Amino acid sequence: MRIGELAERAGVSTRTLRYYESRGLLPARRAVNGYRVYDEEDVCLVTQIRTLQEFGFGLDETWPFVECLQAGYPSGDSCPASLDGYRQKIAELDALIGQLQSVRDQVNTQLVRAEAELPGGPEPRCEMRG
């Protein structure tokens, strides 16, 4: 198939496919007439990359999955390196969740204090600290 068909089937733009090619994620095969040509494995490859990006993976983090597919495995997460990639992303997300929970707790503390100082209470003071 040509680049337009791959783009349509994978739900991306041809510009995205060219970018993936420039980054080495998508093989650059050409027909004798110079047109880029792709096959079903490339549809799976691009779909895997897009799914990972939707999960928050950067393009550099997709390499283990791409290499797994290029090695002939049925899915990009069939290899130990891919599983490690998932584990690393989960650890990263857990850290972000912890940071967000901390910020939420601080905002909630400020809200509770502000509500306690509503009319009828003491004169408001500015105690915000960075």
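Predicted model: local features only at pLDDT ≥ 70, side-chain atom pairs only at ≥ 80, totals over all residues.
Local features need pLDDT of at least 70 and side-chain atom pairs count only at pLDDT 80 or more, while totals for chains, interfaces and linings use all residues. Residues are numbered from 1 along each chain as its sequence is written, and side-chain values use heavy atoms, with hydrogens and water left out.

Let's start with the cysteines. Taking a disulfide as a pair of cysteine sulfur atoms within 2.5 Å, the count is 1. That bond joins Cys68 to Cys79, and the torsion about its S-S bond is about 85 degrees, so the disulfide is right-handed. Cys68 sits in helix α4 (residues 63–70) and Cys79 in the loop between α4 and α5 (80–116), so the bond ties together parts that are 11 residues apart in sequence. Helices here are DSSP runs (H or I, at least four residues), numbered from the N terminus. Both Cys68 and Cys79 are buried, meaning under 20% relative accessible area, with exposed set at over 50% and partly exposed in between (1.4 Å probe, protein chains only). And Cys44? At 45% relative accessibility, Cys44 is partly exposed, and its sulfur is too far for a bond with the closest cysteine sulfur, in Cys68.

| Pair | Kind | Distance |
|---|---|---|
| Cys68 – Cys79 | S to S, disulfide | 2.1 Å |
| Thr16 – Ser13 | side-chain polar contact | 3.0 Å |
| Thr16 – Val46 | C-alpha to C-alpha | 9.7 Å |

A polar contact is a pair of N or O atoms within 3.5 Å; within protein, one must be able to donate a hydrogen and the other to accept it, and residues adjacent in sequence count only if both atoms are side-chain atoms. Thr16 itself belongs to helix α2 (residues 14–22).

Now the core, a set of buried Ala, Val, Leu, Ile, Met, Phe, Trp, Tyr and Cys residues joined through side-chain atoms within 4.5 Å. The largest one has 17 residues, and those with the most contacts inside it include Leu6, Val46 and Ile49. At least two residues come from each of α1 (3–10), α2, α3 (40–54) and α4.

Helix α3 has Val46 and Ile49 among its buried residues, and their cover includes α1, α2, α4 and α5. At the N-terminal end of α3, Asp39 is the cap, with a side-chain oxygen 3.1 Å from the backbone nitrogen of Glu41. After α3 comes Gly56, with a positive phi near 100 degrees.

Note on methods
Contact = heavy atoms within 4.5 Å.
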